[in-house]
Amino acid sequence: MMWAERQYIMKYSIRLAVKDDYDKIVGLYEKAFEHGEGLVAKYYTGFNEYLSFFVNRNNAFIVEEDDTICGAVLVHETPDMFCGRLLYIEFLAVLPDYQNKGVGRALIEYVCGEAHRRGITEVSIRTACYKDAYLIYRHMGFRDSQSDCRFLTMNLKKIDTDVD
């Protein structure tokens, strides 16, 4: 999977995560979710292995402001019998101080834009039990894909028609 080297959005930069970022990303996820529920510390005992899987495969992206990693997203591409290739947004987190400032949106727009450029026609995300996240993703253009409202998808073919 080849992703763009680096993209600058507002005062932030988005780039591919590397192994040297590992500890900062772990800290980001702990702070982002401990703020609400402490999800990582309490429930994700295999988080270190999970994160390593994405970083080692170049499927982890971070948003930085100066030396602060303020957001991260983990993605993976999978074949799909209906749409060819599907990009799955696995996990998204933003530090509490950076929430509601466009950081999460910038990450999602970045990975969706890259996926579209590479010919992927659908992006899928699961919101787990976060109703606020569900509403944010719906506002961004994701739609329910199953009877369970925690699964949403965005059809990237529509981007071509919206641009014209």
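**View 1. Glu65 is buried, with a relative accessible area of 15%.** Buried means under 20% relative accessible area, exposed over 50% and partly exposed in between, with a 1.4 Å probe and protein chains only. The model is predicted: local features need pLDDT of at least 70, side-chain atom pairs count only at pLDDT 80 or more, and totals for chains, interfaces and linings use all residues. Residues are numbered from 1 along each chain as its sequence is written, and side-chain values use heavy atoms, without hydrogens and water.

View 2. Strands (E, at least two residues) and helices (H or I, at least four) are DSSP runs, numbered from the N terminus. Leaving aside residues up to four places away in sequence, Glu65 touches Lys11, Tyr12, Cys70 and Tyr98. Contact means heavy atoms within 4.5 Å.

**View 3. Strand E5 (residues 84-94) beside strand E4 (residues 68-80).** Eight of the 11 residues of E5 are buried. E4 and E5 pair in the antiparallel sense over 10 bridges. Pairing requires at least two DSSP bridges between two strands. A hairpin of three residues joins E4 to E5. His76 stands opposite Tyr88 in E5.

**View 4. E5 with strand E6 (residues 122-126).** These strands pair in the parallel sense over four bridges. Tyr88 stands opposite Ser124 in E6. Together with helix H4 (residues 103-117), E5 and E6 make a right-handed β-α-β unit. Right-handed means that, with the strands pointing away from the viewer, the path from the first strand over the helix to the second runs clockwise.
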